Amino acid sequence: CGRKVEVWSGSIQPHDVWLIKGGFRFEVCFNRYYQPIRKGGAVLVKFVADIAKKSELCPIGVVNWRNVNKQVQADIVELIRGKFIIPDGKIYNDAMLKHVGKHRRQWKFELKARYFNPTCEQGNKSRMTILEELFEKYADNGREARAMLSHLHTNGSTSFANSRDEFEMEHGREPGGYEFFDRTHKTKDGVYPENTNTQELIDMAKSKIDASVASSSSSKPRIEVEDEVFNELMYDKDNSNQKPVGYGFGVKRSDVMGVKFARHKKETANLIMRLSSSVSDLLTAVQSGRVSPETLAATNSALRTITA
C-alpha cells in the first residue's frame with residue numbers, strides 16, 4: 001500500500017509518542033474482544049493513561065465520564081488515531097474511550113489521595129471528619145472484598161489479553177477457560193498461592209472432568225468438557241453479564257459466549273454443507289445406477305458427524 005514501515009526496539013514511553021511527527025503512527029493489534037494486545041497495544045494503553053492525566057484534554061471536573069462533552073471525547077479519539085493505526089469503526093472508538101474513562105477514574109483517585117485536604121465546616125462536622133468517615137467506609141469495603149478473594153492470579157503486569165494472545169501463538173488455538181485459569185494462577189514453581197482456594201478448586205474440577213469423560217458416550221473433546229465443568233464451578237447460571245475469569249478489562253461473559261456461539265454456528269454451517277454435498281453425490285449415484293462403496297462410506301461418515 002506504499003506505507004513506510006519501521007520496527008522500533010526497546011521501551012516506548014508516552015513522551016515518545018507525543019514527540020513523533022511527520023505522520024508516523026504506531027500499529028496496534030486487537031483481539032476478538034477489541035482489547036489492544038502485543039507491544040503496540042501496550043504503548044497505546046500507556047499513552048491513553050497519559051491523556052487521562054492532562055486536564056486540557058480530559059477534564060476531571062465532571063463526576064461521571066459518560067457525561068463528559070461528546071466533542072471532547074471525539075477529539076480524544078481523533079488524537080489517538082493520529083498517533084496509532086487502529087481499525088475503523090465505532091466499536092474501536094468505544095473501546096478506546098472505555099480505557100480513557102478507566103484511567104481517568106484512577107487519576108482522580110490518585111489526585112484526591114495526594115492533594116485533597118478540606119478543612120471548612122459543614123454543619124456540626126468538618127468536611128475532613130466527613131471525608132475520614134467516608135474513607136473508612138471504603139476501606140472497610142475494600143478489606144471485606146479482599147477477604148472474599150479466594151483466587152489470586154500470578155500474571156503480574158502482563159495483561160490477560162496479552163497472555164491469551166501468547167497462548168494462541170504458542171498452541172495455534174484459543175485456550176480453554178479451565179486450562180487458562182490454571183496457567184495464570186500458578187507461581188513459577190508450579191504451585192498455587194497460599195491462603196487461597198485455588199488448589200481446592202482445581203482438584204474439584206479435575207475430579208469432575210475425569211468423571212465426566214469416563215461416563216460420557218459421546219466423542220466430545222476433553223477441552224469442551226473442561227470448559228463445561230469450569231463454567232459450572234465459577235459462574236452463576238443465570239448471570240450472562242457476570243465478568244468472565246481470565247479475560248481482563250472490558251469483557252463481559254456474554255461477549256465470550258457470543259464469540260463461542262458464532263464459532264459453533266460457523267462449524268454447524270460447514271457441517272451442513274458437507275452433508276448436503278454427500279447426499280447430493282449419493283442421489284446422483286443412485287439415479288445413474290452406480291452406487292460405489294466409496295460414496296456410501298462418505299455419506300455414512302457425514303451422517304455420523306451430524307449425529308455426534
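Visitor: Where is the place of Val 279?

Guide: In this predicted model, Val 279 sits in helix α10, which covers residues 253-288.

Visitor: And is Val 279 buried, partly exposed or exposed?

Guide: Val 279 counts as partly exposed, because its relative accessibility is 33%, and that value falls between the 20% limit for buried and the 50% limit for exposed.

Visitor: How far apart are Val 279 and Ala 298, in sequence and in space?

Guide: Along the sequence they are 19 residues apart, while in space their C-alpha atoms are separated by 9.1 Å.

Visitor: Let's change topic to helix packing. At what angle do the axes of α2 and α3 cross?

Guide: The axes of α2, residues 38-51, and α3, residues 70-83, cross at roughly 145 degrees and come within 12 Å; the crossing of these two helices is right-handed.

Visitor: Which residues in α2 and α3 meet?

Guide: From α2 there are Leu 44, Phe 47, Val 48 and Ile 51, and these meet Ile 76, Leu 79, Ile 80 and Lys 83 in α3. Sorted by class, the contact between α2 and α3 has seven nonpolar residues and one charged residue, with no polar residues.

Visitor: What about Asp 16, how far is it from Phe 47?

Guide: The C-alpha atoms of Asp 16 and Phe 47 are separated by 9.5 Å, although the two residues are 31 positions apart along the chain. Asp 16 itself belongs to helix α1, residues 14-19, and with a relative accessible area of 21% it is partly exposed, since buried would require a value under 20%.

Visitor: Switching to cysteines, how many disulfides does the structure hold?

Guide: The structure holds zero disulfides.

Visitor: Cys 29 and Cys 58, then: buried or exposed?

Guide: Cys 58 counts as buried, because its relative accessibility is 0%, whereas Cys 29 is partly exposed, with a relative accessible area of 31%.

Visitor: Stepping back, how many helices and strands does the protein chain have?

Guide: The protein chain has eleven helices and six strands, and of its 308 residues, 32% count as buried.

Visitor: What share of the contacts joins residues 24 or more positions apart?

Guide: Taking the contacts in the protein chain with a separation of 6 or more, 56% of them are accounted for by residues 24 or more positions apart.

Notes:
Residues numbered from 1 in each chain as written. Predicted model: local features only at pLDDT ≥ 70, side-chain atom pairs only at ≥ 80, totals over all residues. Heavy atoms only, no water. Disulfide = S-S within 2.5 Å. Buried < 20%, exposed > 50% of the residue type's maximum accessible area, 1.4 Å probe, protein only. Axes fitted to C-alpha atoms, helices over the stretch in contact; angles between N-to-C directions. Helix = DSSP H or I, 4+ residues; strand = E, 2+ residues; numbered from the N terminus. Left-handed = near helix turned anticlockwise from the far one by under 90°. Contact = heavy atoms within 4.5 Å. Nonpolar A, V, L, I, M, F, W, Y, C, P; charged D, E, K, R; others polar.
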